[in-house]
Amino acid sequence: MSANPTEPLLAPAQDPERIARMFPAEFVWGVATSAFQIEGSVAGDGRGPSIWDTFCARPGTILDGSDGREACSHLTRWESDLDLLVALGVGHYRFSISWSRVQPNGHGPWNDTGIAFYDRLVDGLLARGIKPHVTLYHWDLPEALQQRGGWQSRETVADFVGYARRMGALLGDRAATITTHNEPWVVATLGHREGIFAPGLRDRRVAAQVSHHLLLSHGEALTALRADGVRSQLGIVLNQAPVHSATALMEDRAKAQLEDGELVRWYMDPLLKGAYPADVLEHLGADAPQVLPGDLERIRVPLDFLGINYYTRNIAIAQGAYDPSSSGLELTDMGWEVYPTGLTELLTRLQRDYRLPPIYITENGAAYPDQCIDGVVHDDARVRYLASHIEAVAQARQAGVDVLGYFAWSLLDNFEWAHGYTKRFGIVHVDYRTQARTPKSSAVWYRALQKATRERSAGVVLRVLDREPS
Ligand code: GCO
């Protein structure tokens with residue numbers, strides 16, 4: 001923690017003690033990052049290029065023309081970053097492995113230097129008393145695999161399983177959880193249908209096939225890791241949101257129904273019910289993915305946990321575009337509505353519609369135009385955002401949803417994909433000229449929340465002792 005931590009101005013709604021009382025002492029509090037967004041060092045040490053390196057190099061793809069070459073220089077600063085986690089009182093750290101750093105071509109030879117990095121990172125976490133939560137795929141496919149068709153090709157499924165097994169052998173006795181995929185909807189839809197993320201394709205049929213191969217590779221990797229005796233809890237992370245209709249008009253309501261199908265049911269149904277939703281299949285028509293016999297059984301394998309990433313609700317409109325400023329709700333720097341009740345709504349709906357495994361909120365957070373002035377970053381809006389969403393999690397728990405933990409996105413300001421470095425999601429500010437890290441007010445607040453939750457268990461023990469006969 002910096003010499004002069006910023007104490008946020010707290011309204012009762014953000015009182016960490018009050019919020020801590022809504023959670024059991026063993027509730028998991030963590031922070032999240034991903035490899036390409038923080039590591040830097042994309043060349044050298046044997047790392048192969050990923051599709052995000054290629055995508056960034058294409059003019060016009062990234063808002064500020066930036067790339068991941070330096071990012072947060074986490075690869076060289078990882079030890080002090082882990083010390084920062086300790087200073088912030090964080091007990092759980094969710095990060096991802098860069099596939100092309102450990103296996104430059106995505107198949108074939110391994111890169112010992114890359115493997116050693118994650119090996120040390122995980123040992124470094126454990127030595128500091130922090131539980132590692134590993135994501136295998138956070139969007140950075142080795143470019144060599146893309147050359148061969150990427151996720152459109154069924155061969156990539158087998159390559160992913162090979163990579164997963166190697167990582168399972170390396171970390172499966174030390175990682176608390178292993179996630180196969182982070183947000184397959186984003187990979188398929190933004191990467192292959194809308195073309196605004198790597199690999200930048202715009203083809204609805206390809207996107208549908210990609211989503212199927214992502215799900216299949218999840219199921220096959222999970223089964224292989226279990227067979228290999230990996231001890232970590234195994235699961236997948238989905239980005240989800242309630243989809244609201246912009247108006248009461250029939251056409252907008254139909255659009256909302258379809259978007260719910262594409263975002264939520266397209267992934268949840270095969271994972272938990274063993275079938276793709278009929279309405280979305282019908283909508284896709286001839287663009288529906290090729291599904292081979294047995295694929296759906298391979299996708300629907302028991303999950304130890306399901307990760308949910310939630311940022312805002314979605315609004316569906318049949319004609320034109322919805323204007324978020326029309327709702328009167330507070331907006332973040334991404335232009336996203338601050339809509340905490342959407343998280344409770346989403347979780348209770350999932351609980352109603354599916355037989356859910358235990359849930360982690362694996363990402364939640366907000367971008368604000370934070371400024372570091374005299375070594376201090378006041379981000380009270382982020383404190384309000386986090387507090388209200390965490391309270392929304394508590395409400396879902398009260399309604400019976402088994403949420404085991406919450407990870408704030410993100411530890412550090414970092415490379416926000418197509419927005420480059422223009423959006424700051426961190427609870428720690430990064431000065432990209434000097435790489436100086438400055439915990440924001442929200443980091444101080446989050447530390448207080450975690451401390452208050454831990455002290456609840458101490459409180460319980462004391463009360464028990466009080467009752468002991470003298
Ligand atoms: C995600 C992403 C993050 C983003 C965050 C904010 O999984 O969506 O993990 O990489 O930075 O969502 O847009």
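Select Arg94, His133, Val134, Thr135, Thr177, Thr179, Phe305, Tyr360, Thr362 and Phe407, which line the second largest cavity. By class, this lining has four nonpolar, five polar and one charged residues. (Ala, Val, Leu, Ile, Met, Phe, Trp, Tyr, Cys and Pro count as nonpolar, Asp, Glu, Lys and Arg as charged, and the others, Gly among them, as polar.) The model is predicted: local features need pLDDT of at least 70, side-chain atom pairs count only at pLDDT 80 or more, and totals for chains, interfaces and linings use all residues. Residues are numbered from 1 along each chain as its sequence is written, and side-chain values use heavy atoms, with hydrogens and water left out.

The second largest cavity holds about 50 Å³ of space. On a 1 Å grid over the protein atoms alone, a cavity is a set of points where a 1.4 Å probe fits but cannot get out; a pocket is an open set with protein on both sides within 12 Å along at least five of seven lines; lining residues have an atom within 4 Å of a point. Grid points are joined across faces, edges and corners, and a volume is the space filled by probe spheres set on the points. Strand 3 gives the most to the lining of the second largest cavity, with three residues.

Next, show the strands. Helices (H or I, at least four residues) and strands (E, at least two) are DSSP runs, numbered from the N terminus. Eight strands form a closed barrel in the order 1-2-3-4-5-7-9-10, with parallel pairing. From one strand to the next, the twist averages 25°. Strand 1 and strand 10 (residues 403–409) pair in the parallel sense over five bridges; two strands pair if DSSP finds at least two bridges between them.

Now select helix 6. Helix 6 packs on the sheet and touches strand 2 (92–96) and strand 3 (131–137), and its direction makes about 170° with that of strand 2. Axes are lines fitted to C-alpha atoms, for helices over the stretch in contact, and angles run from 0 to 180 degrees between N-to-C directions. To see their contact (heavy atoms within 4.5 Å), select His74, Leu75, Trp78, Leu82 and Leu85 of helix 4 with Phe117, Arg120, Leu121, Gly124 and Leu125 of helix 6. Seven nonpolar, two polar and one charged residues make up this contact.

Move on to the largest pocket, with a volume of about 1300 Å³. Of its 43 lining residues, Trp185, Leu190, Thr312, Asn314 and Trp336 lie nearest its centre. Helix 9 gives the most to this lining, with five residues.

For the largest cavity, with about 160 Å³ of space, select Thr189, Arg193, Ala208, Ser211 and Trp266, which lie nearest its centre among 13 lining residues. Helix 9, helix 10 (204–227), helix 11 and helix 12 (278–284) each supply at least two residues of its lining.

Finish at the second largest pocket, where about 170 Å³ of space lies. Its lining includes Ala25, Trp29, Gly89 and Arg454. Helix 16 gives the most to that lining, with three residues.
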